[in-house]
Amino acid sequence: MISIGKVSKSFPGVKALDDISFTIQYGEVHGLVGENGAGKSTLIKILSGIYPQYEGNIVFDGSVRHFYSAHEAQTGGIATIFQELTVIKELSVAENIFLGREPTRRLGMLDWSVMRDKSNEVLQFLDTPLDPRETVGKLSVANQQIVEICKALVLNSRIIIMDEPTSSLTEHEVDQLFITIRRLKEKGITILYVSHKIEEIFEICDSITVLRDGKHIGTVEKTETSPDEVISMMVGRSMNMMFPPRSAKKGGLLLSVRDLSRIGEFEHVSFDLHEGEIIGFAGLIGAGRTELARALFGATALDTGEIGLYGDRIDHFAHPNDALSRGVAYLSEDRKGEGLMLELSVRENMSLPILKKISPYFFVQGARERELVQSYISKFKIRMTSIDQIVESLSGGNQQKVIISKLLLTESKVFIFDEPTRGIDVGAKYEIYKIMNDLTLEGKGIIFISSELPEVLGVSDRIFCMREGELVQEFTRDEAEPEKVMKVLAAGENLTGGDAA
Amino acid sequence: MNDLAGKNTIISSLRDVFKVREAPIFIYVIVMIAVFSSTIDGFFSMKNFEIISRQITTIGIVSVGMTLVILSGGFDLSVGAILSFAINIGGQGIVFGWPIWIVYPFMLALGIILGWINGFLITRLAVPALIITLGTMNIYRGITMVITKGVYITPIPSVYSFIGRGYIPFLFYAAVLGIFTFATLKTRFGRNIFAIGGAEESALYSGVPVRRYKTIVYIISGFLSALSGLILVGKSGFVQPQAGLGYELNAIAAVVIGGTSIFGGSGSVLGTFLGSVMLGIILAGLTMLAVNPYWQGLITGVLIVFAITLDSLRYLKR
């Protein structure tokens, strides 16, 4: 067994791990769960040698092991498959599998036949008929993941850490991955499975360790616990309701969208949004929802269509600034690239869209800025040491709250939330749903884009199904049963005249 | 209770001072002045400081523009070429016998126009600013050489020398420093520059008119290059086509040594000032020590590598 004994790790100002102790049995699939900022990533990075400095010790094979680099951890028998895969897309499958330890013949020439044979061997073991000569960039994400697993196998790894392995897989691919995991387990390989998704944890894991706020809350056998119990261990309170009740009343028309098209992305999209309403856009990844949101917000140009706002007909927004100044705000799905300046402070990030307001004479009014920012921080209980803290050092959930606060500061009437809960934990998700709910109580309207069907159905008043760039069907909250909606989204079932609104 | 709180704020604000990005370079500058003053007779004198201040002014002013450009995530290799273009093409006015109150605005306007061309191209083409300004640098210099045929404008009326006398260049420099320190720290303009350099897409989605601000930054850089040119003419008393050669790299050196991130989004005008002072002191000190001038290049190079190492350590720590 692997025992993690009294492991602590601090970063400036934050104690990421606080005296963690638990054991992982050889040959089991061990789930590691916890909210964002609970310390999962830190623990993985210690185990895989990326953070060599920590307190406490890690014992396996009967001796204390301390890895000072990722390479040492790998040769020591621990392989990690990160959420962001580390395959090199330009290289072939075999080259990736043997990356950094290529078998060579005399004069350092690559021994291709050994590479190919051994690659075939592990690929066959995993029952994945890939050609070792295939370029990895041409493979699906699921198969790229297989390549990483092969890498671990060729290294004779005894422990494989998987960090959110299903985050970009389809349902079918997830099933395939689970088959692969079971196969690895049969071979006696220990898996540390890190995930947000409780259902998956319960499907694949033998035992589960829960972390919260850097502390070890408990390690339980799957057979002796329930999803509800694990969730309440994660959040520190029991969550009876996944979604807050909807109580806002539908008011006047806010936004009407007619016949919007951007060639190659989406076509003939029409819908209305009223005060107090949340409309959900369901769809698979690549259905054109984000593209629609961006064009609507003025970040990209439209080919056809027009927008009406508060009863006025306006052609379209020429620039995001145009949209914001008329009360339409957009929360991007890409938190780091399109939402935040990671190196700037919370204050500077949050005040960016309202700079005009707080600098009427060109100079930023510091006191007013602090007051406004502080009020939102208290309102949404964003955890930070000061409003001058650099955003990068906040946890994912808190970063997301910073972005949302930043949008709310604009006092817009229409909000487009694109995947607002991606990559954040259950507790923070609930808080975001509540913020959305409260906004609608104030008479604002929300366009809610999400790839997680349960939340689209749980939060929205009306649900629009988008498929291959078209709105194919609209459901009311009552009509929308998960199976029915999923059928529309995934299957090629063509519903004629399904145009919404 | 209040006393204690007061004391704590003093301690914590002292600590904050050392956390400031410019603190290390400030200390280096002080140490260097101390070392040179104790080893070289006459280093610590008003006369010498006047010489240093005059030396750092021209590149110093250009470096302030470069700081804004780099903060916004860009580069401007054309600063030296703009300087030369402004004073040589604008200097044709001197040849034609135009009065100074037309020649000066004309020169500055040329700087603004060339800066605007940079900004326009950079915000419209999907090519890094480094490459675009590498191109415009050669174009601007090329035009200057073609028109002037490499001929100096000399002699020039003595009114043009006024701006280059004694501490006057440094007063201009101080004013530029003051204005842009304030602008970067306290204005909407400054905030938006940092935001664009930090994450351009995020800035766009937050409603920042990214193109406009980026263009403005290159216009400012062009304007300051031309202003620096006026002072250079004042100091030298003639206009030469090769003016400003290599300014772009010296300016980038001052910016980087001053702690501004080469990737944009963090740094300061104050840091660049300290970077310029440091380079000026080294130059003066080594000259007074009669060190072979080739060593100066080597030492500047080491400083740049050192500064960039510090900057990248900042990233690695995360």
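Chain A, in contrast, has 18 helices and 20 strands.

**Chain B**

- The radius of gyration of chain B is 21 Å, close to the 20 Å that the globule rule gives for 318 residues, so chain B is as compact as a globular protein of that length.
- Taken along the principal axes, the C-alpha atoms of chain B fill a box of roughly 75 × 60 × 40 Å.
- Of the 318 residues in chain B, 47% are buried.
- When contacts in chain B between residues at least 6 apart in sequence are considered, 79% of them join residues at least 24 apart.

**Chain A**

- For chain A the radius of gyration is 25 Å, close to the 23 Å that the globule rule gives for 501 residues, and therefore this chain is as compact as a globular protein of that length.
- The box filled by the C-alpha atoms of chain A, taken along the principal axes, is roughly 75 × 55 × 50 Å.
- Buried residues account for 44% of the 501 residues of chain A.
- Among the contacts in chain A between residues at least 6 apart in sequence, 67% link residues at least 24 apart.

**Confidence in chain A**

- Chain A has a mean pLDDT of 85, with 95% of its residues reaching 70 or more.
- Confidence in chain A is highest in strand E8 (residues 190–194), at a mean of 94, and lowest in helix H18 (residues 482–490), at a mean of 72.
- Over residues 492–501 of chain A the pLDDT is below 50, although this stretch has 18 contacts in the model beyond near neighbours in sequence.
- Where pLDDT is low, the predicted coordinates should not be read in detail.

**Contact between the chains**

- On the chain B side, 20 residues are in contact with 24 residues of chain A.
- Helix H8 (188–198) and helix H9 (200–205) of chain B are the elements that give two or more residues to the side of chain B that touches chain A, and H8(B) provides the largest share, with 6 residues.
- Sorted by class, the side of chain B that touches chain A has 7 nonpolar, 8 polar and 5 charged residues.

**An open sheet in chain A**

- In chain A, 4 strands form an open sheet in the order E12-E11-E14-E15, with antiparallel pairing.
- Strand E12 (266–274) and strand E15 (312–314) of chain A stand at the edges of this sheet, each with a single partner strand, so one side of each is left without a neighbour in the sheet.
- On average, neighbouring strands of this sheet are turned by 15° against each other, direction ignored.
- Strand E11 (residues 253–262) of chain A pairs with E12(A) in the antiparallel sense over 6 bridges, and Val257(A) has Phe271(A), in E12(A), as its bridge partner.
- Helix H9 (residues 289–296) of chain A lies across E11 and E12 of chain A, and runs at about 115° to E11(A).

Conventions: Residues numbered from 1 in each chain as written. Chains lettered and ligands numbered in written order. Predicted model: local features only at pLDDT ≥ 70, side-chain atom pairs only at ≥ 80, totals over all residues. pLDDT = per-residue confidence, 0-100. Contact = placed C-beta atoms within 7 Å. Rg over C-alpha atoms; globule rule 2.2 N^0.38 Å. Buried ≥ 20, exposed ≤ 12 C-beta atoms within 10 Å, placed from the backbone. Nonpolar A, V, L, I, M, F, W, Y, C, P; charged D, E, K, R; others polar. Pairing = 2+ DSSP bridges. Axes fitted to C-alpha atoms, helices over the stretch in contact; angles between N-to-C directions.
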